[in-house]
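Good morning, colleagues. Please turn to the structure on the screen while I take you through its fold, its core and its charged contacts.

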Amino acid sequence: MLKSLRNNRGEGYIDVVVLVLCAMLIIAVAVNVFPAYIAKQQVDTFATELIREAEIAGRVGTETATREQVLIEKTGLHPEVNWSTTGKIQLNEEVSVVVTYEMDIGLFGGFGSFPVTLRGEAMGKSEVYWK
């Protein structure tokens, strides 16, 4: 009887099962959270592309609205875009844009709803001289 109590042959199996379970939980969380990092990169690129269009055109108007629609089609994101100013921007005047996008990273097949607001900012100076 004492020999069977001192036997340690099956002890490692429980440790391995717990380790595999923890590893699978970490992978499941990563699969749900990594798309947020990709969306954050896209929001930053969205803001950078918009501000570059405003710098080249020298105004916030039809050119930037057209570029915004192209970026929406490319990325599939529908963010909220807020400009610091609208209309013509004189040479070397600063303009900024803030792009915000709300994303839900629900874990484990809709078990929880965790909304995350992704924010991208960009600043630039106009390259156009208006007479």
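The secondary structure of the chain consists of 3 helices and 5 strands, where helices (H or I, at least four residues) and strands (E, at least two) are DSSP runs numbered from the N terminus. Read from the N terminus, the order of elements is α-α-β-α-β-β-β-β.

A word on the source. This is a predicted model, in which local features need pLDDT of at least 70 and side-chain atom pairs count only at pLDDT 80 or more, while totals for chains, interfaces and linings use all residues. Residues are numbered from 1 along each chain as its sequence is written, and side-chain values use heavy atoms, with hydrogens and water left out.

Of the 131 residues in the chain, 30% count as buried; buried means under 20% relative accessible area, exposed means over 50%, and partly exposed lies in between (1.4 Å probe, protein chains only). The chain exposes about 9,200 Å², of which carbon and sulfur atoms supply 60%; these areas come from the Shrake-Rupley method with a 1.4 Å probe, and for residues only the protein chains shown count as cover. Among contacts with a separation of 6 or more, 61% join residues 24 or more positions apart, contact being heavy atoms within 4.5 Å.

Let us now consider the interior. In soluble globular proteins, nonpolar side chains tend to be buried together. A nonpolar core is here a set of buried Ala, Val, Leu, Ile, Met, Phe, Trp, Tyr and Cys residues joined through side-chain atoms within 4.5 Å. The largest such core has 23 residues, of which F46, L50, V81, W83, V97 and V99 touch the most other members. At least two residues each come from α2, α3 (62-75), β2 (80-83), β4 (94-104) and β5 (115-125), and α2 gives the most, with 8 residues. Leaving aside neighbours within four places in sequence, V81 is in contact with F46, L50, E68, V97, V98 and V99.

Helix α2 (residues 11-57) also holds V20. Why does V20 count as partly exposed? Because its relative accessibility is 44%.

I turn to the charged contacts. How many salt bridges does a search of the whole structure find? The search finds 6, each being a side-chain nitrogen of Lys or Arg within 4 Å of a carboxyl oxygen of Asp or Glu. K40 pairs with D44 at 3.0 Å between the closest N and O atoms; both lie in α2, 4 residues apart, about one turn of the helix. E49 and R67 approach to 2.4 Å, and this pair links distant parts of the chain, E49 in α2 and R67 in α3, 18 residues apart.

R52, E55 and E127 form a network of salt bridges. E55 is buried, since its relative accessible area is 12%. A polar atom of its side chain lies 3.3 Å from the backbone nitrogen of K125.

Finally, most residues other than glycine have a negative phi. N92, although not a glycine, has a positive phi of about 70°. N92 lies in the loop between β3 (87-88) and β4, and N92 is exposed, with a relative accessible area of 54%.

Notes
Polar contact = N/O pair within 3.5 Å; in protein donor to acceptor, adjacent residues only side chain to side chain.
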